[in-house]
Amino acid sequence: MPSSASRSFQERTVDDLARQLAEAYKAGPLNGLVLDLRNDPGGLLHSAIGVSAAFLPKGALVVSTDGRMSDAKRVSWPRPRINQRGRGDDALSRLPKELKSVPMVVLVNGASASASEIVAGALQDHKRATVMGSQTFGKGSVQTIIPLRADGERPAAIKLTTARYYTQRPLDPGQGHRARSARDDTAQGSFGGLQVREADLAAHLEEKKGAPAAAEAARDAASADAQTEPRAESPAPKRYEFGSQDDFQLQQAMKHLKGLPVETAKKPESVAASSRSSR
């Protein structure tokens with residue numbers, strides 16, 4: 001099933017998802033489902049809970065948050081009122097019960113963050129879906145906007161990081177979710193622009209005291225290795241359209257659902273060798 005044109009969790013995401021799923025079921029039962037969360041930067045928490053609720057059993061924990069203040073300590077699970085949001089109708093209530101057990105693959109990459117990580121993590125931890133793709137961005141924190149001035153022409157507010165979020169297991173700050181079945185963006189490897197994660201940003205959250213020095217030392221060692229060891233030349237990964245026949249990750253997800261062997265990306269040296277032999 002193709003993903004929605006929207007690439008973030010917005011107010012109508014649950015309604016849009018329910019509509020697309022209902023349309024898909026009109027043609028008959030689904031044999032498998034691919035939920036594409038690649039390049040999804042996140043968005044509204046209640047929409048992430050609602051999307052998770054479409055596939056998880058009643059009462060399943062989706063996400064919890066923990067912080068220093070009491071109002072930052074919350075536990076969220078699928079509830080109709082979250083999906084209704086004052087509209088008086090739970091869009092998910094009309095979906096067939098078979099949706100709770102249809103085989104699923106969730107696709108993620110380095111640009112999947114925040115709400116998309118919550119959905120992927122919840123479905124993975126409840127063993128409801130296989131998560132495929134590359135490691136996610138790693139936004140394991142919650143921000144709160146505190147108004148400072150309600151001036152109509154010159155409003156002001158401050159955004160503070162007030163909590164961390166957890167699925168059934170904590171998301172290490174800045175590290176992201178590791179897909180159970182790692183697949184690069186293409187058969188030749190991943191795009192360089194999708195390799196930056198929160199751990200690479202200045203002043204990112206750390207798991208424990210002393211971690212910054214360790215992380216810095218690891219990065220320095222990797223940088224030194226990169227300078228001393230010669231790298232095999234390999235062609236840049238070919239760009240593609242999501243959902244197309246050239247979409248390597250999607251094709252591997254479909255193979256997984258069909259029970260077929262799933263390919264991995266070629267190692268850079270093998271790509272370079274095949275490139276040279278074809279000249």
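This is a predicted model: local features need pLDDT of at least 70, side-chain atom pairs count only at pLDDT 80 or more; totals for chains, interfaces and linings use all residues.
Residues are numbered from 1 along each chain as its sequence is written, and side-chain values use heavy atoms, with hydrogens and water left out.

The protein chain contains 7 helices and 8 strands (DSSP runs numbered from the N terminus: helices are H or I, at least four residues, and strands are E, at least two). Of its 279 residues, 39% are buried (buried means under 20% relative accessible area, exposed over 50%, and partly exposed in between, with a 1.4 Å probe and protein chains only).

On the surface, Ile146, Leu148, Ile158 and Leu160 form a nonpolar patch. Such a patch joins nonpolar side chains (Val, Leu, Ile, Met, Phe, Trp, Tyr) within 5 Å, from residues with over 30% relative accessible area and no salt bridge (a side-chain nitrogen of Lys or Arg within 4 Å of a carboxyl oxygen of Asp or Glu). Strands β6 (141-149) and β7 (156-166) each give two or more residues to the patch. Isoleucine 158, located in β7, is partly exposed, with a relative accessible area of 36%.

Serine 93 belongs to the loop between α3 (80-84) and β4 (104-108) and is exposed, at 53% relative accessibility. A polar atom of the serine 93 side chain lies 2.7 Å from the backbone oxygen of aspartate 90. Although serine 93 and alanine 18 are 75 residues apart along the chain, their C-alpha atoms are separated by 9.1 Å.

Notes: Patches are made of residues with over 30% relative accessible area and no salt bridge: like charges are joined within 9 Å, nonpolar side chains (Val, Leu, Ile, Met, Phe, Trp, Tyr) within 5 Å. Accessible areas come from the Shrake-Rupley method with a 1.4 Å probe; for residues, only the protein chains shown count as cover. A polar contact is a pair of N or O atoms within 3.5 Å; within protein, one must be able to donate a hydrogen and the other to accept it, and residues adjacent in sequence count only if both atoms are side-chain atoms.
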